[in-house]
Amino acid sequence: MEKVKLFATWSSPFVKRIVWALKLKNVEYEIIYEDLANKSPELLKYNPIHKKVPVLVHNEIAICESLVILEYIDETWNDVCPLLPKDPLDKAKERFWAKFGDEQVLPSFFGYVMKQGKDQEESKETTLAHLKRVEQLLSEKKFLSGESFGFLDLAFGWLAENSRPLEVITGLKLLDEDSFPNLCTWKDKFLEIPAIKESWPDQETLIAKYQEIRESKGK
Amino acid sequence: MHQLLNHCLIQISMAKKCEMKLLGSVGSPFVTRVKFALKLKSIDYEYIQEDLANKSELLLTSNPGLQKVPVLFHANKQPMSESLIIIEYLDEILPDVHPILPSNPSDRAQSRFLAYYIDTLYCPWMKEFMLTRESERKEELKRLIIEGSMMLEEAFVKLSKGKAFFGGDEIGFLDIVVGCFLGWIKFFGIIFGFNVIDETRNPRLAQWGKSLWSHEATRSVIPSDEIHMNFFKMLLGFLPPMPDMPIPA
């Protein structure tokens with residue numbers, strides 16, 4: 001039997017998308033939770049350059065960087081639940097938006113919610129502008145990947161999963177239905193997908209974790 | 001075999017009629033990458049020169065978010081940006097003409113990861129090294145770049161499997177992704193006296209550099225020595241000279 005290991009932390013959005021992909025593809029794997037303040041020798045061996053999670057180890061070969069891992073999973077377990085489209089142009093578009101998501105949207109979103117006071121106000125405009133671009137992507141589509149969910153939905157899944165917990169702790173309505181009707185609809189649909197719905201941690205645990213981080217940064 | 005040859009010939013004739021345009025700027029290694037891929041795939045294209053100091057309407061409408069080159073226009077399709085994404089697209093529309101990405105998923109993942117590393121760490125370190133005035137930071141960057149080159153040396157040994165290129169017998173993805181910086185690397189040595197790829201520390205990579213540099217495909221896409229020299233002079237012209245740095249002639 002093939003041996004698949006995933007080095008993870010339970011709250012990382014980059015890890016989560018891998019957990020979802022493996023679940024959708026019915027891949028059995030062993031999950032190893034890392035304490036990032038005290039990284040295991042195995043993690044350092046498999047990801048010596050960045051020393052980060054997620055790392056997927058398949059038959060002793062290590063794959064790093066979550067979007068690279070997603071493509072690897074899609075190509076290796078290609079008989080179940082295809083994630084990327086077949087058409088080269090559609091594939092290029094999803095890769096582009098996934099990269100944009102990770103390099104622009106995610107950092108500005110988390111930066112915005114984790115900050116307080118004046119710092120938060122300043123990053124608000126950028127975050128809203130980024131979210132508007134994602135909103136436009138959904139203008140004629142049910143999911144980011146088209147009629148059914150795929151790679152790009154997994155890549156933006158962090159937004160669906162984290163928006164409510166972060167609203168609860170900040171008191172700010174981040175994805176309001178008037179400004180982002182498509183995103184709100186997409187978020188609910190995404191969270192109903194069984195593989196996503198059944199993945200731990202649940203929303204209450206996420207809320208507690210983010211509260212803890214926000215308070216420690218405020219000190 | 002006959003079927004594969006037919007397939008190739010059909011794809012090559014498609015390549016010639018591709019209606020491809022590339023928007024680029026002088027000396028950009030990321031534009032060089034796309035030119036390289038287009039050359040290997042035998043795709044005819046129109047090259048449009050962009051002046052990044054005075055951005056054109058075409059650039060601002062085709063890549064509004066990042067306003068960067070390269071941008072690829074293929075017939076009436078949506079314009080495409082990001083060099084790595086463009087290369088994969090070209091590889092997928094003409095899969096039988098000089099395949100660029102490796103065929104097995106594990107090698108593909110390793111190649112994509114290394115490309116990500118080059119673009120997010122290795123290349124920014126080189127740029128910062130050129131521009132920073134703080135000697136402590138310069139030393140730190142030098143150390144990081146040397147470590148990076150050692151890591152690339154290991155990756156080359158593993159992926160080339162004893163052949164001349166990262167792609168094996170033929171030029172492949174990482175040859176293009178790393179090779180587009182060979183001009184910068186050469187001038188690093190001349191101007192800063194620092195060999196990013198060193199014959200003693202990185203013997204296999206040094207040999208690879210020579211093989212790639214002298215390849216016919218490379219000669220047609222890498223900018224001339226004069227363009228590189230002008231680029232570096234322009235960069236250095238913005239900075240006050242350091243006492244121990246040779247001034248380019």
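This is a predicted model: local features need pLDDT of at least 70, side-chain atom pairs count only at pLDDT 80 or more; totals for chains, interfaces and linings use all residues.
Residues are numbered from 1 along each chain as its sequence is written, chains are lettered from A and ligands numbered from 1 in the order in which they are written, and side-chain values use heavy atoms, with hydrogens and water left out.

### Exercise 1: the pocket lining

Task: Work out which elements supply the lining of the second largest pocket.

Solution: 

Step 1. Start with the term: on a 1 Å grid over the protein atoms alone, a pocket is an open set of points where a 1.4 Å probe fits, with protein on both sides within 12 Å along at least five of seven lines, and lining residues have an atom within 4 Å of a point.

Step 2. Go to the centre. Of the 25 lining residues, P48(A), I49(A), F113(B), M151(B) and E154(B) lie nearest to it.

Step 3. Assign elements, taking helices (H or I, at least four residues) and strands (E, at least two) as DSSP runs numbered from the N terminus. At least two lining residues come from each of α2 (41-46) and β4 of chain A, and from each of α5 (105-131) and α6 (135-160) of chain B. The most come from α6(B), with nine residues.

Step 4. Sort by class: the lining has 17 nonpolar, three polar and five charged residues. Here Ala, Val, Leu, Ile, Met, Phe, Trp, Tyr, Cys and Pro count as nonpolar, Asp, Glu, Lys and Arg as charged, and the others, Gly among them, as polar.

### Exercise 2: the sheet of chain A

Solution: 

Step 1. Two strands pair if DSSP finds at least two bridges between them.

Step 2. Look at the partners of β3(A). Strand β1 (residues 4-8) runs antiparallel to β3(A) and is joined to it by four bridges, with V4(A) opposite H58(A). Strand β4 (residues 61-64) also pairs with β3(A) in the antiparallel sense over four bridges; there V57(A) faces A62(A), and H58(A) has I61(A) as its bridge partner.

Step 3. Check the side chains of β3 (residues 55-58): V55(A) and V57(A) point one way, L56(A) and H58(A) the other, and all are buried, meaning under 20% relative accessible area with a 1.4 Å probe and protein chains only.

### Exercise 3: backbone angles

Task: Find where cis peptide bonds and positive phi values occur.

Solution: 

Step 1. In chain A, the bond from V53(A) to P54(A) is cis, with omega near 0°; P54(A) is in the loop between α2 and β3. In chain B, V69(B) and P70(B) are joined by a cis bond with omega about 5°, and P70(B) is in the loop between α3 (57-62) and β3 (71-74).

Step 2. The hairpin of β3(A) and β4(A) has two residues between the strands, and N59(A) has a positive phi near 50°. E60(A), not a glycine, has phi near 70°.

Step 3. K161(B), also not a glycine, has a positive phi of about 50°. K161(B) is in the loop between α6 and α7 (173-179) of chain B and is exposed, at 55% relative accessible area, where the cut-off is over 50%.
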